[in-house]
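Please open the structure in the viewer and follow the selections in the order given.

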Amino acid sequence: MRPWAHPWRFALTALAALILIWLVLAVWPDWLQDLLGRKKTFVNTLLNGLTLAGLYFLVASGFTLIFGLMRNVNLAHGSLYLMGGYIGYEVAEASGSWLLGAAAALFALASIGAILQVVVFRRMQGDDLRQTLVTIGISIVAADLMLAAWGGTTYQFEPPEGLFGAVTLPIVSTIKSSGAAVFIKYPFYRLFVLFLAVAIGLGLWVFLNKTKTGMTIRAGVDDRSMLAATGVNVDLVFVLVFALGAGLAGLAGVIGGTALSIAPGEDVRYLLASLVVVIVGGMGSIAGAAIGALLIGLAEQFGLAYFPTYGVVLTFVVMIAVLAIRPQGIMGR
Amino acid sequence: MTARIHPAWWLLAALLSIYPILANDFFTLQIGAYSLILGTIALSLTILAGYGGMVSLAQLTAAGLAAYVLPIFGTNSQGVLGIGWSHWLTIPMALLVGASFSALVGLIAVRTSGIYTIMITLAVAVSVFFFTRQNYELFNGFTGYAGIEAPKPFGYDLRAPLPFYYLCLIVAAGFGLATLYAARTPFGLSLQAVRDNPRRMAALGFSVAGIRVLAFFLAGFVAAAGGILLVFFNGRISPGTIGVDVAIDILVIAVVGGLRHPIGPFIGALAFVLLETFAIDLIARERFNSLIGTAFLLIVLFSPDGLLGLWNKIRPKIGPKISRPSLGLAGPQTGKTPQFDAAETQPISSREDTG
């Protein structure tokens, strides 16, 4: 990205970023407080939005990767998320270790994803609509079986020991009349989710851009048949990507189950979230998934905080607006 | 092919006409009329998916919005709104609202194609669902509306089992036949041509987007009719009626029945309603979704053309062998109907069956 290619766009982005930084760091004057309400609400909403964006990114990156490579819209992706949450919960309960639960969810779902790819999707390669319908069928059955196994109760994980409790951020919310500054507190675990999402995003970027396997995958996204013609075992790459995407969804199930909770219906919620995120960001692009997740996560949280009645609708308004201007999504090609 | 009508169709028509005499009230209403209503809504999807190659999950939403018009402008027992207009006014309005909404969805969706259409229409359906649930001024939020009555022309209750069944039958058969007819009009043919090759049609000077949006409008009209019947049938409407799970059910019905012929959605609806009603006797009520999901999965995996396709596969093996006359120029198009668009999508029906 060269800033001088689009000077106006760059200037506007920089200005927006500066305003945002000022909004977060400064002690708000009274007129701003009248305009936007308490600063604490704003900063908390911002952080909640970022955390949620991180979670959405984890789920949607797998979804978009699978689509980009295989043109396969996996509408059972939400079920993979929920199943990851449940499996992780069981393992974490049994072993008493959150990390073990997260690892179990990652690997269990990666294997389930690989099996799905080999057993179901390989049989109908190239037939998108049929794959979509099959995944809808799978998600209906999976949701019902999970309901049978785990019931309708809401589960919540204990976050790992070291991540428990709140941290005080170096952000002043108000100055008391006594002159003492009041700092904003935020749950440590949620910050951890944010860092983890960023780390995984960077990891994915390095994997896709700097390793040979990643290069193969990107080549497959661009031109599958040409990749196969060069002697690469494309089927193996498909299984790998599917396992990676499903594993990420499973891991997100544990992470999201700890930050929020897992319950029946979450599968549809996260499926829709990933759908909207990748539609907004552009199908098949990891960077697009990150941008889409940011937009949608922030829109959802700010919608909830500032327009509680129609907050849920706001995300879809964002989506339709993006579609009207750029049907292929922000980073789509 | 304007061939003679196969005797089986006459038999079916006769059977459907005398059905209420053979069946009791429960079967007339809960099975017969309900299947026809769901079939009509699913027919809307069949028109779009089968003839237009656009799978829209927002057709139930169009039906639901049409249904909402009746209590909002007509009467309801909720004490919210209910302007009290007559059915002569509200029903045409509802039809128009449903069709216009569908056309609006079409406007958003036509810029994209294939698999994207599913996702965008799904997102639209969900946003409307949330909106109706949150909005109390117009949609009365979570509760929705109840006490919606069917018209009583000259004091004759259309909601009584027998007349209601025939009402549904007339609407369903009317739209089914209209679909068959419309498929052979210049518009219907150009819609199918757009499905098969949008770029060539655009090159020939047709407005691809215009044809698609018109298809959405007409399909919305059909869906709205189904929605109106549904709200008369239930007497109530709430956001739950247009939830994602129900939208998926409509998709299941259309696909299970078969997208290649307007009779498909009705077969699918009948199968769905029978399963929904009698699954309790087979398995626990709570596991109904597993059953219907598995049935759907099996159909999609092994017979992509739905129950209709299954029938077409079995027929040559059991029935007398009829050698089809050559269809001449019209051959390839009429032989195999609905296929999905997108240049790289392999058509469903010409796919090798690996099952």
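Begin with helix α12 of chain B, residues 288-302, in this predicted model.

Next, turn to the aromatic rings. Over all chains, a search of the whole structure finds 24 aromatic pairs. Select Phe26(B) and Phe27(B): their ring centres are 5.7 Å apart and their planes meet at 85°, over the limit of 60, so this pair is edge-to-face. Phe26(B) is partly exposed, with a relative accessibility of 39%. Phe27(B) is also partly exposed, at 31%.

Move on to Phe129(B) and Phe130(B). This aromatic pair is tilted, with 5.3 Å from centre to centre and 55° between the planes. Are these two residues buried or exposed? Both Phe129(B) and Phe130(B) are buried.

Now go to chain A and select Tyr86(A), Tyr89(A), Trp150(A), Tyr155(A) and Phe157(A) together. Ring pairs link these residues into a cluster.

For the last stop, return to chain B and select Arg159(B) with Phe164(B). Here the charged end of Arg159(B) sits over the ring of Phe164(B), at 5.1 Å from the ring centre.

Methods: Residues numbered from 1 in each chain as written. Chains lettered and ligands numbered in written order. Predicted model: local features only at pLDDT ≥ 70, side-chain atom pairs only at ≥ 80, totals over all residues. Heavy atoms only, no water. Helix = DSSP H or I, 4+ residues; strand = E, 2+ residues; numbered from the N terminus. Expected span 1.5 Å × (residues − 1). Phe/Tyr/Trp six-rings, centres within 6.5 Å; stacked < 30°, edge-to-face > 60°. Buried < 20%, exposed > 50% of the residue type's maximum accessible area, 1.4 Å probe, protein only. Lys NZ or Arg CZ within 6 Å of the ring centre and 35° of its normal.
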